[in-house]
Amino acid sequence: YHMHNKFVVIDDLLLITGSFNWTSQAVAHNQENLTFLDDPKLASMYTNYFDSLWKQFSDPTKVKEEVAARKIQKNYRNKFPKKR
């Protein structure tokens, strides 16, 4: 799993979300979208969601599982013929 959500909560009041990648490449060359929502209740929901993601990805048990999964993938990658 990867944290791929794209949102910002400002001062527990404003939620910004959308496809926008927060890079100079996206600003200069991509067709991205952003939605600005002045909604404290929704901002709070996203803050809670972010906190749960942060906790999940900072859990040492989960990190160990991720490391183990990557080792397994690395060991078995290219061991089987690719389908054509």
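The paragraphs below take up the lysine, then the aspartates.

This is a predicted model, in which local features need pLDDT of at least 70 and side-chain atom pairs count only at pLDDT 80 or more, while totals for chains, interfaces and linings use all residues. Residues are numbered from 1 along each chain as its sequence is written, and side-chain values use heavy atoms, with hydrogens and water left out.

Lys6 sits in the segment before strand S1 (7-10); strands are DSSP runs of E with at least two residues, numbered from the N terminus. Lys6 is buried but forms no salt bridge. Buried means under 20% relative accessible area, exposed over 50%, and partly exposed in between, with a 1.4 Å probe and protein chains only. A salt bridge requires a side-chain nitrogen of Lys or Arg within 4 Å of a carboxyl oxygen of Asp or Glu. For Lys6, the nearest side chain of opposite charge is that of Glu32, 5.3 Å away. The Lys6 side chain instead reaches the backbone oxygen of Ser19, at 3.2 Å. Beyond neighbours within four places in sequence, Lys6 is in contact (heavy atoms within 4.5 Å) with Ile16, Thr17, Gly18, Ser19, Phe20 and Asn21.

Asp11 is found in the loop between S1 and strand S2 (14-18), and Asp12 lies in the loop between S1 and S2 as well. Most residues other than glycine have a negative phi. Phi of Asp11, however, is positive, near 55°, and that of Asp12 is positive at about 60°. Asp11 counts as exposed because its relative accessibility is 64%. Asp12 is exposed too, with a relative accessible area of 52%.

Notes. Helices (H or I, at least four residues) and strands (E, at least two) are DSSP runs, numbered from the N terminus. Lys and Arg count as positive and Asp and Glu as negative; His and the chain ends are not counted. A polar contact is a pair of N or O atoms within 3.5 Å; within protein, one must be able to donate a hydrogen and the other to accept it, and residues adjacent in sequence count only if both atoms are side-chain atoms.
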